[in-house]
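Trainee: I'd like to learn how to read sheets and helix packing. Could you walk me through this one?

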Amino acid sequence: MAIKTSPSAIWKASVWGTSAPGLKQAILHHLHFTLAKDEHSATRRDYYEALVHALRDRLIQNWLHTQQRYYDAGVKRVYYLSAEFLIGRLLDSTLINLDLHDACRQALQELGQELEPIIELEWDAGLGTGGLGRLAACFLDSMATLGLPAYGYGIRYEFGIFYQKIVNGYQVETADNWLRFGNPWEMPRPEDLFTVQLGGRIQERRDAGGRQCFDWVDTETVMAMAYDLPIPGYGNGVVNTFRVWGAKASREFDLAHFNQGDYIRAVEEKNRTENISRVLYPRDDLSGGRELRLRQEYFLVSASLQDIVRRYRKTHAGFECFPDKVAIQLNDTHPVLAIPELMRLLLDEARLGWEQAWGVCQRTFGYTNHTVLPEALELWPVDLLACVLPRHLQIIYEINRRFLGDVAAQFPGDPKRLRRLSLIEEDGVKSVRMAHLALVGSHAVNGVSALHTNLLRREVFRDFHALFPERFTNKTNGITPRLWLKKANPALASLITRWIGPGWVRDLDQLRLLEPHADNAGFRAEWRQVKHQNKIRLAEFLRTHHGIEVEVESLFDVQVKRIHEYKRQLLNLLHVVALYQRLQAGRTAGFVSRTCLFAGKAAPGYAAAKLIVKLITAVGEVVNRDPGTNRLLQVHFLPNYSVSLGQQVIPAADLSEQISTAGTEASGTGNMKLALNGALTIGTLDGANVEIREAVGPENFFLFGLRAEEIRELRRQGYDPWRYYDNLLELRQAFAAIREGRFSPEDPALFRALLDELLLGGDPFMLMADFASYLECQERVNALYRDPEAWTRRSILNVARMGYFSSDRTIREYATDVWEVKP
């Protein structure tokens, strides 16, 4: 169509119009003036970019106004530092929070385009990989929706973690080139460019007043450039800032090398420097990858703290008020180098004394722990820190010296306690314990579920809890209902709104109003129809994108999460093998047709997890090709799990597999997303499962397995996995099928290492001990699923009682108890 509207009229509409005609004119404006396209040359991607620019225009006015209000009010601000932010597609969340879905759809239709295919063009941002990053993204949404003066800080990873492909059943990692077409949401800020120092040496001297000074000299320098993304709140006009850092070389090009004909060395330094923000979580089982990971973590905290201090110094001369105006939350141990970095800035640049600097530091930081697994509590070798961050190592040693002095005074004659509490790990490779540094350098420490926090207090950080009991608090994780119900499941969201009104989007506790309707046969029928339509939608997606055919009348049994031994995908798979063997034996009476869906990424250096992926695909290949059973049982692994894939799978799920070993999962948020979308949970008393079961009612949760305290006692007595193996025929038969090559005839020994870990390696995650209970629990699942009315009633009650698990509630608790900030 011809562009006939005057440029000034289009511009006015693009800035102020929120109606379909205004959006239409704004899209045309950006096609013409931003992208230099007309109706003859514009592609669907051009329409996507024009739409994003039109929405950005509507955000900018409120964005500027929000930031100015923060300055004018002199508010205390929250800075959320995280290595990951799994934000998904910003177009999705922006349309939801601005309530512009319908207007955008109409505007695009009048231009000959459809909204859904345009949304599909946006790649999931490669800024995170799992629950840690998704939680951070939910928190950004909630902080904006609650009107809190907050900023997110992360790294602008050029290639994300990796794009997962399945080739011959194996996970293959390829580059996640999510920025190949650029990112129209981001605002490059070349004026906000900070120097990050690395390496070098420390030069000691005395200043004119005789004070000892430490100069960090002969360093390598990396430039951190800011890119800002707008984060709108839901329907409140607030737009917060999510700032990510890209690494830039201080010297783009070495002309001397170029003129000498050495063209590779001319750009070598630029490439090496900019590797810092290339990939999320480089492999740390290799020395080069480990150093790059350390450089990444420091790059994030150095640039962020310089920016935070710059913003604070706009209105304050000294640092006495810093903790009253700045709250920094450390999302796990990855950003904990912020503690010695702030000390360095205060000591070496602001020239504060140690006691004053340390007081400012402790009052500023809060630390969220996300794991009880020892291997996930970061340790940085002292030799590596001395090479990359020599001044920070000095500061860490001094923190440790003073801290242990205080401990010795409180507990005299207890060297074992000092060794346990020290920030330095002396056994094996001498290393800095980053979690210990966080515990000492923060005024508040929290776990992310009630069980997890109790484990931190009683076991993982018992000695620290004895010293600082007031610092420990619980903040059970939550999810944003805007993305994980209103956007992910529009049919269910519409049904809920029709029956109880729209207030639940802001106040998830209002879902309680659904409870009386669980006994309404008409409402249950509508609920079942929504689930059925979601399963049809997923089936069509799988057929179109993966060539997979599934039975929509079957029970959709879903386990979507990072592949890890403690999450026990292998336990699920052993059950699948047992089901397959029952069908092969003709035991079909009462069998509930089941489609088992797995998805998740294994860390590139985690051999066992990658072998589990291969086993899932191998079992699926056999089961799905068996004409005698594949109408009753199917197994599929969905590659490259992401936020957008989760939005397809989760609304269709009937059964949510939350089966980690009790006492290993900190919280989990996938359990919350699936329950909020009407899936019933089969799970252990682990992480937030405990609180979900309490909330929805024990009768609406399929519980199995040992409790955390029972596992501790069993290990104390001497756990013997052979005892369980010898006593359960179906377990032995499943093992035999895998061990004898039923699923890997070309290499019968392929999966024996996984089985040997269970029988000969001590079964560290108690699969054998929980298998019989898991099988019995799955029979209860089958029995209930055969009664659609009873299943639907429990599904409704699950959703109705999930209000506590909103990230809005979690953020309110942080704001009140940790950050002391108000909207």
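Trainee: In which sense do strand β8 and strand β9 pair, and over how many bridges?

Mentor: Before that, this is a predicted model, where local features need pLDDT of at least 70, side-chain atom pairs count only at pLDDT 80 or more, and totals for chains, interfaces and linings use all residues. Residues are numbered from 1 along each chain as its sequence is written, and side-chain values use heavy atoms, with hydrogens and water left out. Now the general idea: strands of a sheet pair through backbone hydrogen bonds, either parallel or antiparallel. Here β8 (residues 220-232) and β9 (residues 239-249) pair in the antiparallel sense over 11 bridges. Tyr227, for example, has Val244 in β9 as its bridge partner. Two strands pair if DSSP finds at least two bridges between them; helices (H or I, at least four residues) and strands (E, at least two) are DSSP runs, numbered from the N terminus.

Trainee: What is the strand order of the open sheet of 9 strands?

Mentor: The order is β5-β8-β9-β2-β1-β10-β11-β15-β16, with mixed pairing. At the edges stand β5 (187-198) and β16 (472-474); each has a single partner strand, so one side of each has no neighbour in the sheet. From one strand to the next, the twist averages 25°.

Trainee: And which order do the strands take in the open sheet of 6?

Mentor: That one reads β19-β18-β17-β20-β21-β22, and the pairing is parallel. Its edge strands are β19 (633-638) and β22 (702-703), each pairing on one side only. Take β17 (residues 555-560) and β20 (residues 655-658): they pair in the parallel sense over 2 bridges. Val558 stands opposite Ser656 in β20.

Trainee: How are helices α12 and α13 packed?

Mentor: Two packed helices are described by the angle between their axes and the distance between the axes. Helix α12 (residues 338-349) and helix α13 (residues 354-364) pack at an angle of about 140°, with axes 9 Å apart. Axes are lines fitted to C-alpha atoms, for helices over the stretch in contact, and angles run from 0 to 180 degrees between N-to-C directions.

Trainee: Which residues of α12 and α13 meet?

Mentor: From α12 come Ile339, Leu342, Met343, Leu346 and Leu347, and they meet Trp354, Ala357, Trp358, Val360, Cys361 and Thr364 in α13. Contact means heavy atoms within 4.5 Å.

Trainee: Which helix lies across β11, β15 and β16?

Mentor: That's α17 (residues 434-441), running at about 140° to β11.
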